[in-house]
Amino acid sequence: MELGRLEYLQALVTEFQVTDSTGNQRPCSLDLSVSSVSSHTRRFSLADAKEQVLANLANFAYDPSNYEYLRQLQVLDLFLDMLTEDNETLVEFAMGGLCNLCLDKTNKEYILEASGVEPIINCLSSSNEETVVSAVTTLMFLTTARSRAQTTALPVVECMLRFSLSANTRLSNLASIFLQDYCSPPQVEEARNLSKHTAVGIPLPKD
């Protein structure tokens, strides 16, 4: 990385911001490699410029040495803002970035103070498996004594019960851990009883 770490991350954020609402972008001078945050194989083009830059930012969120810089550049806010986008790929990468960041205590507190739990819960209804897995994992990491009432609210527990029955082993195992480690038996029982009388639930993500 020829540029300093902060300068490079700043360049990525700027590159993301200069992409206009039509998807057009100035030629990119950064080396934007395909993100390991997703298994997608994509060829870089102007049309997917925002996706590629966001994927790179999500990958940098793996490294704790970047946390201070990412907070300084307001990348946590950027990820939270992207959770409400119609573009499922942007949501996937943003959710993955938050998942990478929220093990850190300072980042966790920032996300909670920024009312980030609600949009993360909304991502449980995504048809994208990666988005859902990241959302479930992030809710685990964000669960504290103060936030537990929100991260394990009844609709969330109901959702985890459904996910635990999924044929998708990865998702069912993760949901089972959530139910066992983060929910009380009375919570699970209440959600199970309610689910018996509810015909419509959050749809399972596509395999």
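**Terms and their grounds**

Tutor: Eleven of the twelve residues of H2 are buried, so H2 is largely enclosed by the rest of the structure. Buried means under 20% relative accessible area, exposed means over 50%, and partly exposed lies in between (1.4 Å probe, protein chains only). The model is a predicted one, in which local features need pLDDT of at least 70 and side-chain atom pairs count only at pLDDT 80 or more, while totals for chains, interfaces and linings use all residues. Residues are numbered from 1 along each chain as its sequence is written, and side-chain values use heavy atoms, with hydrogens and water left out.

Student: Which helices are among those that cover the buried residues of H2?

Tutor: The cover includes helix H1 (5–18), helix H3 (67–72), helix H4 (75–82) and helix H5 (88–101). Among the buried residues of H2 are Leu54, Leu57, Ala58 and Phe60. Helices here are DSSP runs (H or I, at least four residues), numbered from the N terminus.

Student: What is the span of H2 set against?

Tutor: The expected span is 1.5 Å times one less than the number of residues. Helix H2 (residues 49–60) has twelve residues, and its 17 Å from first C-alpha to last is close to the expected 16 Å.

Student: Why are H2 and H4 called oblique to each other?

Tutor: H2 and H4 pack at an angle of about 125 degrees, with their axes 12 Å apart. Axes are lines fitted to C-alpha atoms, for helices over the stretch in contact, and angles run from 0 to 180 degrees between N-to-C directions. Under 35 degrees counts as roughly parallel, over 145 as roughly antiparallel, 65 to 115 as roughly perpendicular, and the rest as oblique. H2 and H4 are therefore oblique.

Student: What makes H10 oblique to H11?

Tutor: Helix H10 (residues 154–164) and helix H11 (residues 169–182) pack at about 140 degrees, with axes 7 Å apart. That angle makes H10 oblique to H11. The residues of their contact divide into nine nonpolar, three polar and no charged.

Student: Is threonine 151 buried or exposed, and what does it touch?

Tutor: Threonine 151, in helix H9, has a relative accessible area of 0% and is therefore buried. Neighbours within four places in sequence aside, threonine 151 is in contact with Val117, Leu139, Leu142, Thr143, Val156 and Phe178.

Student: Why is glutamine 150 called partly exposed?

Tutor: Glutamine 150 also lies in helix H9 (residues 148–151), and its relative accessibility is 40%, so partly exposed is the term that applies. Residues up to four places away in sequence not counted, glutamine 150 touches Val117, Glu118, Ile121 and Val156.

Student: Why does glutamine 74 count as exposed?

Tutor: Its relative accessibility is 53%, so glutamine 74 counts as exposed. Glutamine 74 sits in the loop between H3 and H4 and has a positive phi of about 60 degrees although it is not a glycine.

Terms used
Helix = DSSP H or I, 4+ residues; strand = E, 2+ residues; numbered from the N terminus. Contact = heavy atoms within 4.5 Å. Nonpolar A, V, L, I, M, F, W, Y, C, P; charged D, E, K, R; others polar.
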